[in-house]
Number of protein chains: 2
Amino acid sequence: MEQLQYHEGRTEISQMGKAALIERITDGFRNRNISTVSSIGDDAAVLGEGSRKTLVTTQTLVEGVHFDMMYTPLKHLGYKAVAVAVSNIAAMNGTPRQVLVSVAVSNRYSVEALDELYAGIHLCCERYDIDLVGGETTTSRSGMVLTVTAVGEADSAAVTYRSGASLHDLLCVSGDLGSAYAGFLVLEREKVTYQANPNFQPDLSGLDYVLERYLKPEPRMDIVKVLAEQGIVPTSMTDVSAGLADSVLHICRASHCGCEVYEERLPIDYQTSRVCSEMSKNMMPVSCALNGGSDYELLFTVSQKDYDKVKTIEGIHIIGYITEEGMPAVMVTPQNTTIELRAQSFQGVEE
Amino acid sequence: MEQLQYHEGRTEISQMGKAALIERITDGFRNRNISTVSSIGDDAAVLGEGSRKTLVTTQTLVEGVHFDMMYTPLKHLGYKAVAVAVSNIAAMNGTPRQVLVSVAVSNRYSVEALDELYAGIHLCCERYDIDLVGGETTTSRSGMVLTVTAVGEADSAAVTYRSGASLHDLLCVSGDLGSAYAGFLVLEREKVTYQANPNFQPDLSGLDYVLERYLKPEPRMDIVKVLAEQGIVPTSMTDVSAGLADSVLHICRASHCGCEVYEERLPIDYQTSRVCSEMSKNMMPVSCALNGGSDYELLFTVSQKDYDKVKTIEGIHIIGYITEEGMPAVMVTPQNTTIELRAQSFQGVEE
């Protein structure tokens, strides 16, 4: 008998970067099946031998890590759990078809609580024409852990990887950035106030946009659709789940390139700016955009030839371009100084 | 601000049967995609428009519920997590191709612990020619939660559902039953002894079979293979994850039939019998077989015409036959009394 979690030469998981950890634990795995087209290292796995590919991805949300039950309505949580998995299918330029939902819950949760959770799951499935095809409900010792597997499909020629960006490609992002993190900051502030005085009535007026961005994100299937309608296949794509910087670096690493992002081009909503200025003198909106995370927008590159098409599409912003291999991924400020991008997602919005 | 897990009219999850709970929370979900062939209510979802079907299933293991770190080597745990998901693919008469593994771990676990876990995942993937194609490692607030999504494939004509059993079909089971639960009982006994006296050296000699059955189960891909070689497509199939009684009832409910199982036909290993008699005067080996669970054997029905083929296959036992709709699922004792089967899986081996 031994407690096997204790080892000599202990390395803390928190000491390792996520990419290094994944590389380490998956070292030695080799693909054997011809139906495995693409595996670890992208937003979803690409499977299938024919021209029609199956996309599969899985996303876990852990209570106390990815969500706080103090301010997360269960219906929103169910919706979000499906949405963030589906966002991975969108990031491959695919169409979601099915989800499987695994829920581990402690006895703190009632059947009525599960009703609420599944009402949110149902709503997101209806919204995006997705079938719930499996999963399970099991017991946990503490809190809730939700794992959603999303299955989608796409034609082989349309599947978009992180690795396809080329020199001079335009770097584009949908929607706006940092607003989900602004919503998170508001909710955390209200939680502290509530804990100090449970009779306190929060005033969240004028903040509905950032709150919804955090509590009930939408996968950008509308962007996938409009790109297809315009005949644009991005050269690379990923979603923005852990901040723009993290996503840009994913594309640059996978595509073996650098990039320049222009700070003044970053789409930031006025509510996001307002929350940041209220919260702290040191919290710049651009930091929320770069490192806030949970936006679930799409970051992608397109060939220069698609510039005329892309610039007219509502909700798509051209924020920079791809530079050659060996160059870093940098942000250029309005003062024309360059800052190298680093992935340093803020706490509370872990990918 | 409100803590949304509290509701009026609270119903405890533990008060509801698993089937009733699933029915309740999935009520209102309707399939919309033609690629969804079969969804909730079987061992895996069946997807795809062509004659080659994709099978997808997900299985969660929770620390303190499905495994105890006091006596579960992490390498075995990784192996088992993949094996139990793959068992669901076997239960559909399919071939596993890919897995995605999501791990949520607290800071109690080190990188070296994850190395061990993934060594086990790797071993099971190698053993069954499966590619690891995705997943993630996230933080948990306490303990470990493992969710494995398995993807497999099968020809449309070979896919075996729980719902296809017909009157007079033979009920068959692979391997032996109750041995995993016997292994669990031994480990729990040793744990108590160890906690009372940490210097105690356990004597587990002669118990290696039941221990391995619990700690490192094998999905019965060999049975799937031999059935295909013999040209047998079972009329219905499921795996034995929560005891034989539970699995028999799944087939009877889905196929709208009853069945008779003969107690003397139940395959029970001598180590299982030995452990049961040592453990308690009241613990009958047949109870372990019916309700012990974690066996991950295959339970299936075949047409009478396949009797001559099936009876010669090593490791397959004909334990009964299907009776008509309206009849109960019963076990017939050697004394010729009939006992109605009930699903009452023992604690610690929850499905």
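Begin by selecting B:Lys53 in this predicted model, and look across to strand S6 of chain B, where B:Ala154 stands opposite B:Lys53.

Next, select B:Thr95, which has B:Glu153 of S6(B) opposite it. Extending that selection to strand S4 of chain B, residues 95-105, shows ten bridges that join S4(B) to S6(B), again with the strands running antiparallel. Now colour S6(B) itself, residues 144-155, which is mostly covered, since eleven of its twelve residues are buried.

Then bring both chains into view. Chain B is superposed on chain A by a rotation of 180° with 0.0 Å of shift along the axis, at an RMSD of 0.0 Å, and that is the relation of a two-fold axis. Select the residues where the chains touch: 93 residues of chain B are in contact with 93 residues of chain A, and because 100% of the interface residues of chain B are also interface residues in chain A, the copies meet through the same surface. Between them the two chains bury about 7900 Å², with 57% of it on carbon and sulfur atoms.

For a closer look at this interface, in which the rule finds eight salt bridges, select A:Glu126 and B:Arg32, whose side chains meet in a salt bridge at 3.1 Å, N to O. Finally, select helix H3 of chain B, residues 111-127, which gives eleven residues, the largest share of the side of chain B that touches chain A.

Definitions and conventions: Residues are numbered from 1 along each chain as its sequence is written. Chains are lettered from A and ligands numbered from 1 in the order in which they are written. This is a predicted model: local features need pLDDT of at least 70, side-chain atom pairs count only at pLDDT 80 or more; totals for chains, interfaces and linings use all residues. Side-chain values use heavy atoms; hydrogens and water are left out. Buried means under 20% relative accessible area, exposed over 50%, partly exposed in between (1.4 Å probe, protein chains only). Helices (H or I, at least four residues) and strands (E, at least two) are DSSP runs, numbered from the N terminus. Two strands pair if DSSP finds at least two bridges between them. Copies are superposed by least squares on the C-alpha atoms of residues with pLDDT of at least 70 in both. Contact means heavy atoms within 4.5 Å. Buried area is the accessible area (1.4 Å probe) that two parts lose on being put together, summed over both. A salt bridge is a side-chain nitrogen of Lys or Arg within 4 Å of a carboxyl oxygen of Asp or Glu.
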